[in-house]
Amino acid sequence: MRKIISADRIPGMMPAPQLDYLAEQASLHQRVVEIGCWRGRSTRALCDNCPGTVTAVDTWLGSPGLEDEILFMEEISQDPDWLYHEFQHNLAGVTNLEIVRKSSLVAANFFAMEKKRTFDFIFIDGLHDYENVKRDISAWLALLETGGVMAGHDFGFPEVKKAVLDVFPEFPVDGIADIWVIDKQARSTK
Ligand SMILES: C[S@@+](CC[C@H](N)C(=O)[O-])C[C@H]1O[C@@H](n2cnc3c(N)ncnc32)[C@H](O)[C@@H]1O
């Protein structure tokens, strides 16, 4: 039984069926990383279902398109770092969470060069413009274990879709309700 009740109480961009997809993937993997966590809605779905560790990578400084919400929340909370504090609050008590407050590419380099760690489920939901999605996929693909799964949000955004299809031209992208998915096992055998 997948657990998304706590996640579904957290404001965010992801509808419940997509939270359920993340929960299912998390339940099948041990070393999960999410790039772009916002207030923690998707992160909570991953943590509540993962038998291993979930690494949350974000600057918690926001992204283009989210400026209005950030300014509004900054004003009503009187806290310039409200987003990070809210993420911490929404994930309070979760014991399988590792927070890495770095930008995506710096974090990927940190895991590759310093920590020498890989992941078996990588979920990308940081910046959504063509160049950055391509950069994120390339940087994190190097950290994906054979047999692991890479996925990302907002396949319906034209720039995201183009970037994904440009990086994986010869492999089918299995889009699940706005989530794109690449299975590394399938990529290496098809
Ligand atoms: C669309 S939101 C993520 C939504 C979240 N996954 C959810 O479902 O609730 C994008 C997030 O990416 C973060 N972000 C933007 N640029 C980033 C970068 N270069 N590296 C890491 N995180 C970044 C923003 O701070 C923001 O929290």
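Biologist: Which residues are the closest to the ligand?

Modeller: This is a predicted model, in which local features need pLDDT of at least 70, side-chain atom pairs count only at pLDDT 80 or more, and totals for chains, interfaces and linings use all residues. Residues are numbered from 1 along each chain as its sequence is written. The ligand is surrounded by 22 residues, and the closest are G12, G36, W38, S42 and S104.

Biologist: How are helix 6 and helix 7 oriented to each other, roughly parallel or roughly antiparallel?

Modeller: Helices are DSSP runs of H or I with at least four residues, strands are runs of E with at least two, and both are numbered from the N terminus. Axes are lines fitted to C-alpha atoms over the stretch in contact, with angles from 0 to 180 degrees between N-to-C directions. Helix 6 (residues 104-115) and helix 7 (residues 130-141) have axes 9 Å apart, at an angle of about 10°. Angles under 35 degrees count as roughly parallel, over 145 as roughly antiparallel, 65 to 115 as roughly perpendicular and the rest as oblique, so helix 6 and helix 7 are roughly parallel.

Biologist: Is K116 buried or exposed?

Modeller: K116 sits in the loop between helix 6 and strand 4 (119-124), and has a positive phi of about 50° without being a glycine. A residue is buried if 20 or more other C-beta atoms, placed from the backbone, lie within 10 Å of its own, exposed if 12 or fewer, and partly exposed in between. K116 has 8 C-beta neighbours inside 10 Å, so K116 counts as exposed.

Note on methods:
A residue is near a molecule or strand if its C-beta atom, placed from the backbone, lies within 6 Å of it.
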